[in-house]
Amino acid sequence: MGRRILIVEDNPQNRLLVKDVLEFHGYEIMEAEDGQAGIEMAKKYKPDLILMDLQMPVMDGFTAGKIIRSDPDTKNIKMIAVTSFAMLRDKERVMEAGFDHYLPKPINTRELPDLVRRILGSEKVNR
Amino acid sequence: MSHELRTPLNAIIGFSEVLEDGLYGDLNDRQKTYAHHIYNAGKHLLSLINDILDLSKVEAGKMEFEQSRFPIRAVLDSSVVMMKEKAMKQGIALSIEVEPGADIHIEADERKIKQIVFNLLSNAVKFTPDGGRVTARARLATDEKGGEAQRMLEICIEDTGIGIKEEDLPKLFGEFSQLHQSVLTKGREGTGLGLALSKRFVELHHGCIWVESEYGKGSRFYFTVPVSQGEKDKIEE
């Protein structure tokens with residue numbers, strides 16, 4: 001049975017790209033277009049993994065990530081932060097916000113499936 | 001602005017990759033080649049945008065200087081590791097020579113120093129024929145600016161490459177100054193901004209960058225940065 005991945009990203013093209021690549025590899029995909037909607041989807045559907053864009057309207061990915069991490073219902077969901085090259089220096093901030101991994105854009109569609117497999121397969125990271 | 005410029009490129013790069021890989025149906029060979037060209041052009045445009053944004057930031061005086069203390073050897077090591085595969089394919093011997101006194105920690109902006117070293121190294125590999133040699137060296141030097149001796153770290157990237165004609169040397173650190181238009185077609189592409197950007201980064205550190213080259217034989221690119229940025233390290237004479 002395919003595992004469930006939630007994509008939180010405001011740009012529809014980027015969302016479609018990630019969705020199509022991961023669906024091809026057998027995952028069940030859900031989408032949200034801002035951090036607020038992402039939190040609601042996460043609570044309701046308990047995905048195995050969330051791919052979270054950091055720069056979004058309504059609520060950015062840092063805030064949403066922190067809220068998901070602090071809610072007992074969603075705190076064990078694995079999370080990958082996705083952001084542009086320019087924000088690489090924010091890596092520490094990303095890890096502090098509770099993300100398991102950090103993925104710079106443009107997303108490498110050839111490496112993404114491996115990364116997802118690794119993160120879903122790995123034990124919960126210590127925090 | 002950077003977000004707005006990069007976002008469309010994410011789609012161009014990503015979807016052309018998916019097309020080329022035939023995730024949802026195979027393309028014929030010609031179509032695959034087209035998809036590959038779109039991908040490469042997208043990647044190239046992205047590096048251009050990144051370099052131009054960096055350059056304009058420096059020029060506007062808005063480039064932040066993120067100072068930390070780090071071992072220079074680690075920077076050389078990681079840059080060499082990143083270039084290793086490419087060098088190996090071309091049969092180029094890549095090595096590091098750090099003088100005993102220069103195996104130190106320096107106070108600088110690590111990311112920018114890394115970018116300079118990587119840029120010089122990748123240029124060296126790019127313009128060195130198969131079977132050549134590229135060496136990254138580090139040593140200590142002194143700078144006598146304003147009568148005060150200051151400890152500087154000097155990095156030299158030496159290659160046995162195609163070299164640079166003397167009349168071309170002054171243009172080298174300008175924007176879009178790729179000299180070797182003819183060799184560009186051989187896949188030696190770059191943004192033409194790497195050296196201009198490296199020069200700006202070195203200047204942010206109050207260092208110098210220069211080149212010695214013999215056409216047809218090879219080049220040596222040097223840059224210096226102060227060992228410590230804040231309180232100037234004085235040397236007892």
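Okay, let's start with chain A, which has five helices and five strands. Before I go on, please keep in mind that this is a predicted model. If you walk along chain A from the N terminus, the elements run β-α-β-α-β-α-β-α-β-α. Chain A has 127 residues, and buried ones make up 35% of them. How much of the contact in chain A, counting separations of 6 or more, comes from residues 24 or more positions apart? That share is 60%.

While we're on chain A, two spots in the backbone deserve a look. One is the peptide bond between Lys105(A) and Pro106(A), which is cis, with omega at about -5 degrees. You'll find Pro106(A) in the loop that runs between strand E5, residues 101–105, and helix H5, residues 112–121.

The other spot is Val58(A). Its phi is positive, about 65 degrees, and yet Val58(A) is not a glycine. Look for Val58(A) in the loop between strand E3 (49–53) and helix H3 (61–70) of chain A. So is Val58(A) buried or partly exposed? It counts as partly exposed, because it has 13 C-beta neighbours inside 10 Å, and a residue needs 20 or more to be called buried.

His206(B) isn't a glycine, but its phi is positive at about 60 degrees. This histidine, His206(B), sits in a loop of chain B, with helix H6 (194–204) on one side and strand E6 (208–214) on the other. His206(B) has 15 C-beta neighbours inside 10 Å, so it counts as partly exposed.

Now for the insides. As a general point, nonpolar side chains in soluble globular proteins tend to be buried together. Here, the largest nonpolar core has 36 residues, and the ones touching the most other members are Val117(B), Leu121(B), Leu153(B) and Val225(B). Several elements of chain B give two or more residues to this core, among them helix H3 (72–89), strand E4 (133–143), strand E5 (150–159) and strand E7 (218–226). Which element gives the most to this core? That's H4(B), with seven residues.

Let's zoom in on Leu153(B). Leaving out residues up to four places away in sequence, Leu153(B) touches a list of residues including Ile72(B), Ala102(B), Ile106(B), Leu140(B) and Val225(B). There is also a second, separate core, this one of 31 residues, and it includes Tyr27(A), Ile68(A), Ile80(A) and Ile107(A).

How do the two chains meet? The contact takes 16 residues from chain A and 15 from chain B. On the chain B side, helix H1 (2–21) and helix H2 (29–59) are the elements that give two or more residues. H1(B) gives the most to that side, with 12 residues. Sorted by class, the chain B side has seven nonpolar, six polar and two charged residues.

The axes of H1(B) and H2(B) come within 8 Å and cross at roughly 160 degrees. Angles over 145 degrees count as roughly antiparallel, and that's why H1(B) and H2(B) are described as roughly antiparallel to each other. Their crossing is left-handed. Residues making this contact include Leu5(B), Leu9(B) and Ile12(B) from H1(B), along with Ile38(B), Tyr39(B) and Leu46(B) from H2(B). By class, the contact of H1(B) with H2(B) has 12 nonpolar, four polar and five charged residues.

Definitions and conventions: Residues are numbered from 1 along each chain as its sequence is written. Chains are lettered from A and ligands numbered from 1 in the order in which they are written. This is a predicted model: local features need pLDDT of at least 70, side-chain atom pairs count only at pLDDT 80 or more; totals for chains, interfaces and linings use all residues. Helices (H or I, at least four residues) and strands (E, at least two) are DSSP runs, numbered from the N terminus. A residue is buried if 20 or more other C-beta atoms lie within 10 Å of its own, exposed if 12 or fewer, and partly exposed in between; C-beta atoms are placed from the backbone. A nonpolar core is a set of buried Ala, Val, Leu, Ile, Met, Phe, Trp, Tyr and Cys residues joined through C-beta atoms within 7 Å. Two residues are in contact if their C-beta atoms, placed from the backbone, lie within 7 Å. Ala, Val, Leu, Ile, Met, Phe, Trp, Tyr, Cys and Pro count as nonpolar, Asp, Glu, Lys and Arg as charged, and the others, Gly among them, as polar. Axes are lines fitted to C-alpha atoms, for helices over the stretch in contact, and angles run from 0 to 180 degrees between N-to-C directions. Angles under 35 degrees count as roughly parallel, over 145 as roughly antiparallel, 65 to 115 as roughly perpendicular and the rest as oblique. A crossing is left-handed if the near helix is turned anticlockwise from the far one by less than a right angle, and right-handed if clockwise.
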